[in-house]
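Please report on the fold and the RNA contacts of this model.

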Amino acid sequence: MLDIKWIRSNIDEVRTFLANRNNDLDLSPLLAMDEEKRALLSETEELKARRNEGSKKVGMAKAKGEDAAGVMEEMRAIGEKIKEIDLRIAEIDAALDDMLLSIPNRPHDSVPVGRDENDNREVRRWGEPKAFSFEPKPHWDLGEALGIMDFEKGASLAQSRFTVLKGKGARLERALTNFMLDLHTVKHGYLEVEPPFMVNSKTMQGTGQLPKFAEDLYKCEGEDLWLIPTAEVPLTNMHAGEILEEDQLPLYLTAYTPCFRREAGAYGRDVRGMLRQHQFDKVEMVKIATPETSYAELERMTDNAEEVLRTLNIPFRTICLCTGDMGFGASKTYDIEVWLPSQDKYREISSCSNCEDFQARRMNTRYRPKSGGRPRFVHTLNGSGIAVGRTLIAVLENYQREDGSIEVPEALIPYMGGLREIR
RNA sequence: GGAGAGGUGGCCGAGUGGUCGAAGGCGAUUGACUCGAAAUCAAUUGGGCGGCUUGCCGUCCCGUGGGUUCAAAUCCCACCCUCUCCGCCA
């Protein structure tokens, strides 16, 4: 959520960045409502001041045993008027909130302006795609042949876009999860958290999934509970409504959770294999920082995610998303894309964003500056550290051998109980 | 799920219709005393919103949302949460 006061005085800038985000939202109703609301507020507050004073007089009169019927009658009339105005303000407020909650975040100045993924800017590459002496197979062929992936079973137990991992496949998923959590907690200083996998509407609104993107989420029938689409939601909301001390910042949080996504609007995309699932595992990183440090923290967090792939020795590239391709709540986003030999392409495996104070304002998370003064909104950052299921895919495809067996990456051998290959 | 108790400022805790944003204590900050933030004494000590003459004025906030009233932390209704006991259960 953006600050209405800031929007009011920077309206041209807002219109420009909305256009850069391919968003055609009309802001004039917002401005009109804002103005009407402020006028009504002045009016009702003045009436309330008069009523407070009148009520005080009634109290004093009654204490002295005097009659106060006249004042009481006058105050009753004022009360009626106040009720009327407050009702109108509540209406405007609801509409205003609705609009404010549906305006995306302002992109940072360093973000390339562009329409779609073709305008994203590659910032670096790491590793050389391996030259195979044979035709590398896609992970679904490898996984099924090894008996570690069962797509039919996933579909029959649940639906399409669900996969069952078995045996060494399930073990590899668990090994990757533990490896990532250990890396971030021990080496990078994140606090490991095991959050709820379901959260309420208020929490979903805090990070920006609601009210706009309900159709992407799974909701529990008859309850105000939603399955989390990412651990970003519970982790970022951990300090919702709090005023932190500057000394506490930055906070680094990490969690493994399954993630649940409807994938509405993704019909026909990545239907084979387990690249795009309704349920997948992810290790997530979240930072809560001061505005002064948040962009340095974004670089560091992106590096933390890249380190997972460097340690596994799998090639990747990192891109900076352009204004048209960036998510709703982000001011700046780096996507990390892993090399998938069967597709001869880099595919997204992590997304690291600085949301500045966009989520903080929704969640009401602030900090008290060391130098004193009023509380300020924190900056929040989130990044995949990294998507576990897609990492498993990348391991299978990049470490495959001609006979269909898989070499276990060096870093994972301890996590696989000493196992050096899957066959 | 059933029965009971309760939710007040950073924390503890008083307040059951009238100058209550809220006593008192703890904690914190500042000042005095001091070799010394040990003790003592004094002062200060929440947040949101609106207005303008940017320092003040006003307004709102005692779990949340409604209601009653000239006036609500205090009365009524609904919901949420916590605790105790019972039931169920990993």
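Eight strands make up an open sheet with mixed pairing, in the order 1-10-11-12-15-9-8-4. Strands and helices here are DSSP runs, numbered from the N terminus: E of at least two residues for strands, H or I of at least four for helices. Two strands pair if DSSP finds at least two bridges between them. The model is predicted: local features need pLDDT of at least 70, side-chain atom pairs count only at pLDDT 80 or more, and totals for chains, interfaces and linings use all residues. Residues are numbered from 1 along each chain as its sequence is written, chains are lettered from A and ligands numbered from 1 in the order in which they are written, and side-chain values use heavy atoms, with hydrogens and water left out.

Strand 1 runs antiparallel to strand 10 (residues 316-320), and five bridges join them. Opposite Arg 121 stands Cys 320 in strand 10. Helix 10 (residues 294-312) packs on this sheet. It touches strand 1, strand 8 (251-260), strand 9 (279-289), strand 10, strand 11 (332-340), strand 12 (345-354) and strand 15. Contact means heavy atoms within 4.5 Å. The direction of helix 10 makes about 5 degrees with that of strand 15. Axes are lines fitted to C-alpha atoms, for helices over the stretch in contact, and angles run from 0 to 180 degrees between N-to-C directions.

A second open sheet has three strands in the order 7-13-14, again with mixed pairing. Its edge strands are strand 7 (243-245) and strand 14 (376-377), and each pairs on one side only. Strand 13 and strand 14 run antiparallel and are joined by two bridges. Phe 377 in strand 14 is the bridge partner of Arg 366.

A total of 23 residues surround RNA strand B, and the closest are Arg 38, Glu 45, Ser 55, Arg 76 and Arg 366. A residue is near the strand if one of its heavy atoms lies within 4 Å of it. Of the atoms of RNA strand B that come within 4 Å of the protein, 70% belong to sugar and phosphate. The table lists polar contacts, meaning pairs of N or O atoms within 3.5 Å.

| Residue and atom | Atom of RNA strand B | Distance |
|---|---|---|
| Arg 38, side-chain N or O | phosphate oxygen | 3.0 Å |
| Met 72, polar backbone atom | sugar or linking oxygen | 3.2 Å |
| Arg 366, polar side-chain atom | sugar or linking oxygen | 2.8 Å |

Helix 1 (4-9), helix 3 (28-63), helix 4 (69-101) and strand 13 (366-368) are the elements that give two or more residues to the surface near RNA strand B. Helix 3 supplies the largest share, 13 residues. What is the class make-up of the surface near RNA strand B? It has 13 charged, six nonpolar and four polar residues. Ala, Val, Leu, Ile, Met, Phe, Trp, Tyr, Cys and Pro count as nonpolar, Asp, Glu, Lys and Arg as charged, and the others, Gly among them, as polar.

Next, a helix pair. The axes of helix 5 (residues 139-146) and helix 12 (residues 388-398) come within 9 Å and cross at roughly 85 degrees. Helix 5 is therefore roughly perpendicular to helix 12, a term for angles of 65 to 115 degrees. His 139, Leu 142 and Gly 143 of helix 5 meet Ile 393, Leu 396 and Glu 397 of helix 12. Three of these contact residues are nonpolar, two polar and one charged.

Some backbone details remain. The peptide bond from Leu 210 to Pro 211 is cis, with omega near 5 degrees. Pro 211 sits in the loop between helix 8 (201-207) and strand 6 (226-227). The bond from Gly 385 to Ile 386 is also cis, with omega near 5 degrees. Ile 386 belongs to strand 15 (residues 379-387).

Technical notes
A polar contact is a pair of N or O atoms within 3.5 Å; within protein, one must be able to donate a hydrogen and the other to accept it, and residues adjacent in sequence count only if both atoms are side-chain atoms. Angles under 35 degrees count as roughly parallel, over 145 as roughly antiparallel, 65 to 115 as roughly perpendicular and the rest as oblique.
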